[in-house]
Amino acid sequence: MSPAQARQLCGLLFQAHGRLRRQLDDELGTQHGLSLADHALLQALAPHAQGLSTQALAQSLDLPASAVVRQAIALEKTGWLERLAGPGERRLRLRAPGHGLLREASDTLTSICHAALQAEPAPDDSWLHALAGRAAWAP
């Protein structure tokens, strides 16, 4: 792939990402009252019954800890997660209502993503998955 083709493909991926993100934010907000970023935070907490430290959660979401704290405060007020104080560490944990909301919102997210990818099926899209994976981990 030439540098010009790579630039063009990155531009198309950026546009597609923006459109999909807007659609997901709109639908998740309308149907479930949360954003795509909120969904990502809840999903990151879901497998951790004992919760995660703010620092560990921030690292898993690739966000600054201060951004995670701001986001968590709003989600705590809704009752979807709780803050736990431990010796020398504060943890965030998903509450039962948060687990239920996450399941419902994940179904919506899956449906939207599936529909978006069905719009223009490719005979073999393994190259796209490989490219997206490389782009996601690029410095």
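A search of the whole structure for disulfides (pairs of cysteine sulfur atoms within 2.5 Å) turns up zero. A disulfide is a covalent bond between the sulfur atoms of two cysteines. As for individual cysteines, Cys 10 comes out as partly exposed, at a relative accessible area of 48%, and Cys 113 is partly exposed too, at 23%. On this scale, buried stands for under 20% relative accessible area, exposed for over 50%, and partly exposed for what lies in between, with a 1.4 Å probe and protein chains only.

The model is a predicted one, so local features need a pLDDT of at least 70 and side-chain atom pairs count only at pLDDT 80 or more, while totals for chains, interfaces and linings use all residues. Residues are numbered from 1 along each chain as its sequence is written, and side-chain values use heavy atoms, with hydrogens and water left out.

Now to the overall layout. The protein chain has six helices and three strands, and read from the N terminus the order is α-α-β-α-α-β-β-α-α. Helices here are DSSP runs of H or I with at least four residues, strands are runs of E with at least two, and both are numbered from the N terminus. Of the 139 residues in the protein chain, 27% are buried. The accessible surface amounts to about 9400 Å², and carbon and sulfur atoms own 57% of that; the areas come from the Shrake-Rupley method with a 1.4 Å probe, and for residues only the protein chains shown count as cover. Contacts (heavy atoms within 4.5 Å) were also sorted by sequence separation: among those between residues at least 6 apart, 54% join residues at least 24 apart.

Helix 1 (residues 3-32) packs against helix 5 at an angle of about 145°, and the two axes are 10 Å apart. These axes are lines fitted to C-alpha atoms over the stretch in contact, and the angles run from 0 to 180 degrees between N-to-C directions. The crossing of helix 1 past helix 5 is right-handed; by the convention used, the near helix is turned clockwise from the far one by less than a right angle in a right-handed crossing, and anticlockwise in a left-handed one. On the helix 1 side, the residues making the contact include Leu 20, Leu 24, Leu 28 and His 32, and on the helix 5 side they include Leu 101, Ala 105, Thr 108, Leu 109 and Cys 113.

Thr 108 sits in helix 5 (residues 96-118) and is buried, with a relative accessible area of 11%. Not counting residues up to four places away in sequence, Thr 108 touches Glu 27, Leu 28, Gln 31 and His 32. His 32, in turn, belongs to helix 1 and counts as buried at 13% relative accessibility. Once neighbours within four places in sequence are set aside, the contacts of His 32 are Glu 27, Trp 80, Leu 101, Glu 104, Ala 105 and Thr 108. His 32 and Leu 101 are 69 residues apart in sequence, yet their C-alpha atoms are 7.3 Å apart in space.

Gly 33 is exposed, at a relative accessible area of 51%, and with neighbours within four places left aside it is in contact with Leu 28 and Trp 80. Another loop residue, Asp 62, lies between helix 3 (54-61) and helix 4 (65-78). Asp 62 has a phi near 55°, a positive value in a residue other than glycine, and is exposed at 71% relative accessible area.

Finally, the salt bridges. The structure holds two, counted where a side-chain nitrogen of Lys or Arg is within 4 Å of a carboxyl oxygen of Asp or Glu. One joins the side chains of Arg 83 and Glu 76 at 2.7 Å, N to O; Arg 83 is partly exposed at 42%, as is Glu 76 at 25%. In the other, Arg 93 pairs with Glu 82, and the closest N and O atoms are 2.7 Å apart. Arg 93 lies in strand 3 (residues 89-94) and Glu 82 in strand 2 (residues 81-86), so this pair ties together parts that are 11 residues apart in sequence. Both ends are partly exposed, Arg 93 at 25% relative accessibility and Glu 82 at 24%.
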